[in-house]
Amino acid sequence: MTNAGTPRVALERFLDRWLPQIVVSPLFAASLVFVYAFIAWTIYISFTKSGVMPNYTLVGLAQYERVWSTPRWYVALQNLFVFTGLFIAGCMIIGVLLAILLDQRIRLEGAIRTIYLYPMALSFIVTGTAWKWILNPTLGIEKLVQGWGFRDFSFDWLVDPQMAIYTVVIAGVWQSSGYVMALFLAGLRSVDDEIIRAAAIDGAGPVRTYATIILPMIRPVFLSSIIILAHLAIKSFDLVVALTGGGPGYATDMPATFMYAFAFQRSELGTAAASAVMMLMTVMAIMVPYLYSEIRGSAK
Amino acid sequence: MSQAQSGIVRRQGPRQIALRILLFAVLGLFCLYYLIPLAVMISTSLKSLDEIRTGSLISLPHEISLDAWSKAWSSACVGVRCTGLEPYMWNSFLMVVPAVLISTFLGAINGYALTKWRFPGANVIFALMLFGAFIPFQIVLLPMARTLGYFGLAGSVYGLVFVHTVYGLAFTTLFFRNFFVSVSDGIVQAAKIDGAGFFPIFFKLMLPMALPTIVVSVIWQFTQIWNDFLFGIAFTVGDSNPVTVALNNIVATSTGVKEYNVDMAAAIIAGLPTLLVYVLAGSYFVRGLSAGAVKG
Amino acid sequence: MNKFSLLMSAAAISTIVLPTATFADGTVEVLHWWTSGGEAKAVGELKSSFEAQGGTWIDSPIAGGGGDAAMTALRARVVAGNPPTAVQLKGPGIQEWAIEGSLNDVDDVAKAENWDAVLPPVLAAIMKYEGKYVAAPVNIHRVDWIWANPEVLAKVGVTEVPTNWDEFNAVADKLLAAGITPLAHGGQPWQDATVFEVVALGIGGADFYRDALVNLDQAALASDTMVKTFDQLRKLRGYVDQGFSGRDWNLATAMIMNGQAAFQIMGDWAKGEFLAAGKAPGKDFLCAPAPGGAFVLNSDSFTFFKVEGEDQLKGQQVLASLIMSPGFQETFNLAKGSIPARTDVALDKFDSCAVKSHEDLTAAIAANSLVPSMAHEMAVSRTVRGEIMDVVTNFFNSNMSSADGVQALASAVKRVQ
């Protein structure tokens with residue numbers, strides 16, 4: 001290197017040292033602003049008397065008291081737990097089952113997999129009407145089966161306030177279980193065949209091989225699937241709006257629809273913000289341990 | 001790794017054949033479960049309005065008619081404009097293509113920088129960014145509107161591209177970071193010793209390796225952004241609406257004679273691009289997921 | 001970094017090419033949710049009249065949820081500092097936005113054309129903020145109608161629509177016994193609330209209605225009359241068919257047309273459905289005012305938002321004048337099924353139901369029994385309306401007792417005041 005090149009070398013050294021940070025920092029800054037600053041704004045609004053538009057007069061905890069004194073909020077919370085629990089369980093059971101079945105050297109695997117996966121491609125804006133028809137007692141399955149001669153057949157969950165939330169689960173599982181299947185199929189494919197062969201030589205049957213050897217090996221897939229499903233459940237909005245509109249009555253209301261209704265239908269931004277903050281706290285309760293394990297896991 | 005070897009039910013015999021039949025029966029039943037809504041939509045879109053009114057919604061069409069499809073594509077009315085979905089499909093493409101490419105590219109470089117050039121705090125930064133994937137979008141609507149207004153991006157396709165890029169970043173970074181974590185550091189070290197810098201390693205070495213992950217990221221982002229409705233209604237104006245908003249305007253009308261066949265045809269048309277992406281790239285999707293995106 | 005700032009600047013430059021080019025005779029961008037059938041046709045009339053005067057019309061339709069989606073868009077647009085020129089917005093919602101300072105007034109036009117003299121006072125008050133017109137009404141809908149299929153009624157020997165709720169129940173029981181669904185209804189909160197307010201009017205009369213659902217008087221809300229209202233609502237629940245939940249109102253109207261049900265309680269936009277299907281009033285379907293001897297008012301209007309620039313301000317003035325012109329009021333309302341908001345428009349071209357509506361309107365103004373609709377956002381803020389709807393729809397879809405329902409109603413209203 002000549003003397004003239006020295007500044008260039010210095011620059012290169014500088015870039016070598018700092019380029020990764022320089023690349024990451026604007027993206028990180030964007031996320032600070034568009035995620036964290038917006039969350040902070042929402043938290044602030046939840047302590048104000050904002051109505052039709054943001055208003056910065058503080059009112060203490062009044063909006064939280066308002067949320068917790070609204071019967072509809074309790075329905076939304078209860079639905080969230082029922083839905084999240086059943087939705088995750090349903091998607092996991094079906095997803096794992098289908099992944100294992102598809103892993104058996106099936107002919108037509110590509111086609112079948114596409115069929116299982118396609119609901120993920122469509123939004124409920126697209127499929128909502130079809131689901132509404134299928135589940136509606138005077139139009140869909142009930143009418144069809146009665147038409148076959150089973151006069152006593154009844155399937156009216158969609159219009160029964162006690163049962164309507166389960167129809168939301170059915171449609172939700174329909175949409176997301178294929179994705180879980182894909183995740184597990186990918187996981188199964190990444191398991192070393194030697195291990196499977198070794199298990200077969202040991203005389204372990206297929207059920208035992210899966211239950212005690214293969215599935216435990218892809219434990220991380222369980223974790224990421226559950227996290228993805230939990231966040232889908234908490235954010236579920238299109239699903240409820242398209243299928244039941246929150247009804248009958250407000251029997252299928254969820255926190256996301258509750259918040260939307262208060263913010264945009266009722267002009268109560270403050271109350272909506274308070275419910276949003278509680279939603280965020282739920283998301284954090286799930287996500288923080290996951291992120292913590294994520295960081296620790298990759299730091300080792 | 002190849003799928004031919006990974007099956008476990010492999011011995012032949014009557015019991016195995018019975019199991020095999022059971023296997024196909026279960027798989028077939030699930031195919032039905034997944035296909036019924038689509039079947040209802042397709043069969044309805046092929047019926048005439050009279051047949052829909054008189055018959056059962058689930059039954060098959062007696063006479064197949066494509067009128068509803070051509071109407072949904074080119075002449076259904078969205079408000080006072082009777083242009084069908086066609087112009088809105090282009091709007092969506094104009095929005096989706098840049099948003100998907102930009103967010104995938106940025107996610108790739110981000111994931112690469114965070115894993116292969118690990119600097120102090122990289123993991124914390126990743127965790128903080130990842131949380132962005134989990135915030136309910138309804139809460140960012142108003143502050144985002146203010147921001148877009150401030151930058152003069154409100155009501156334009158560019159604003160929408162920007163919003164989708166920002167909120168897609170968390171997911172794309174997650175995908176690429178999980179992939180690059182599984183790539184041996186030795187490769188990068190060797191390249192560094194050879195004198196390659198940050199960008200050459202990325203473009204020449206890492207990006208080609210990450211092809212399956214790129215596919216996953218593109219599929220995921222394409223689906224999410226194409227299907228978005230909330231940002232579409234909030235941040236675009238009339239003519240620049242994405243197709244989901246136009247579809248909603250056709251389907252969710254409260255008055256007038258409901259043309260269910262047109263509604264259904266419109267819904268399928270609006271869903272067709274994402275459907276095609278899944279059908280055509282579905283096998284890459286699973287391959288890409290197993291290449292790293294599921295780990296963690 | 002490069003890519004990012006490139007994106008930003010590229011985007012910033014391109015926004016200049018938005019569809020806001022200037023025209024000499026005004027530009028309006030109109031946000032509305034009239035996207036189908038007669039309504040879209042009605043907006044089309046407005047658009048072509050506006051363009052005939054040399055203006056430019058930018059259409060921003062957002063359908064769904066009775067305007068909920070459009071309201072979401074509106075809020076985002078106002079926050080972004082990019083409001084539409086005119087928005088289909090009604091009732092106390094107009095005041096809410098006016099208080100925020102988001103509206104322009106069109107009082108010059110209103111004064112020059114003397115709107116005060118031609119609008120019903122109740123309606124004019126809703127259109128004004130601090131004495132100035134900030135919105136222009138396009139129509140008057142009557143909410144308290146009962147629609148019926150005479151052929152179906154004839155099957156149980158009935159020829160007239162009942163005039164009080166006891167009679168209604170008697171007829172409905174007969175219909176049930178004959179295996180006919182007495183009431184076509186769609187289980188959506190606003191439809192439940194529509195039936196609720198019509199029943200409240202019939203049970204308690206206009207004064208009770210006003211005390212309870214407009215002035216939100218706790219004594220009226222918790223009164224025995226309200227208990228009776230809920231009792232009647234519970235009875236009506238027994239008269240609907242199994243698939244009512246989530247049904248759109250126009251499908252319920254179709255049930256009347258097809259003879260699948262006998263009655264529907266719905267505003268006169270239902271008439272548009274009958275007429276569009278080629279049905280004749282008095283022959284194929286009957287329209288009768290619901291019990292109560294009053295008039296429940298619903299009116300659509302366009303509200304003018306705070307926009308800047310000569311071009312758009314001009315557009316607002318032209319649009320305001322156009323909306324209130326007798327010619328437009330006639331063509332629009334013929335398409336929409338309502339009656340003109342102006343009381344001085346001749347009704348020669350309108351059908352018998354509309355003429356009846358207009359007569360009752362005039363009588364109700366004189367008798368002070370013209371009341372604004374709660375369910376249709378004419379009477380109370382969206383907040384209060386939302387709470388009332390929650391209670392009503394929850395009551396209608398559960399086994400709650402009337403006493404509990406009234407209790408819940410009173411406390412829900414108290415909570416938001």
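What pattern does chain A follow when read along the sequence? In this predicted model, chain A runs α-α-α-α-α-α-α-α-α-α-α-α-α, with 13 helices and zero strands. The radius of gyration of chain A is 25 Å, well over the 19 Å given by the globule rule for 300 residues, so the chain is more spread out than a compact globule. Along the principal axes, the C-alpha atoms of chain A occupy a box of roughly 95 × 70 × 30 Å. Buried residues make up 50% of the 300 residues of chain A. Of the contacts in chain A that link residues at least 6 apart in sequence, 68% are between residues at least 24 apart.

Chain A touches both chain B and chain C. The contact with chain B draws 83 residues from chain A and 76 residues from chain B. On the side of chain A, helix α1 (residues 6-45) gives the most, contributing 16 residues. By residue class, this side of chain A comprises 54 nonpolar, 19 polar and 10 charged residues.

The contact between chains C and A involves 27 residues of chain C and 30 residues of chain A. In chain C, the elements that supply two or more residues to this contact are α3 (68-79), α4 (92-99) and α18 (382-396). Helix α18(C) provides the largest share of the chain C side, at seven residues. The chain C side consists of six nonpolar, 13 polar and eight charged residues.

Helix packing was examined within chain B. Two packed helices are described by the angle between their axes and the distance between the axes. For helix α5 (residues 86-116) and helix α8 (residues 157-182) of chain B, the angle is about 35° and the axes are 6 Å apart. The crossing of α5(B) and α8(B) is right-handed. Residues in the contact of α5(B) with α8(B) fall into 18 nonpolar, 12 polar and two charged.

The largest nonpolar core contains 332 residues. Within this core, the residues with the most contacts are A:Ala182, B:Ala145, B:Leu247, B:Ala266, C:Trp147 and C:Ile388. When neighbours within four places in sequence are set aside, C:Trp147 is in contact with C:Ile256, C:Phe263, C:Gln264, C:Met266, C:Ala270, C:Phe285 and C:Cys287.

Conventions. Residues numbered from 1 in each chain as written. Chains lettered and ligands numbered in written order. Predicted model: local features only at pLDDT ≥ 70, side-chain atom pairs only at ≥ 80, totals over all residues. Contact = placed C-beta atoms within 7 Å. Helix = DSSP H or I, 4+ residues; strand = E, 2+ residues; numbered from the N terminus. Nonpolar A, V, L, I, M, F, W, Y, C, P; charged D, E, K, R; others polar. Axes fitted to C-alpha atoms, helices over the stretch in contact; angles between N-to-C directions. Left-handed = near helix turned anticlockwise from the far one by under 90°. Core = buried A, V, L, I, M, F, W, Y, C linked by C-beta atoms within 7 Å. Buried ≥ 20, exposed ≤ 12 C-beta atoms within 10 Å, placed from the backbone. Rg over C-alpha atoms; globule rule 2.2 N^0.38 Å.
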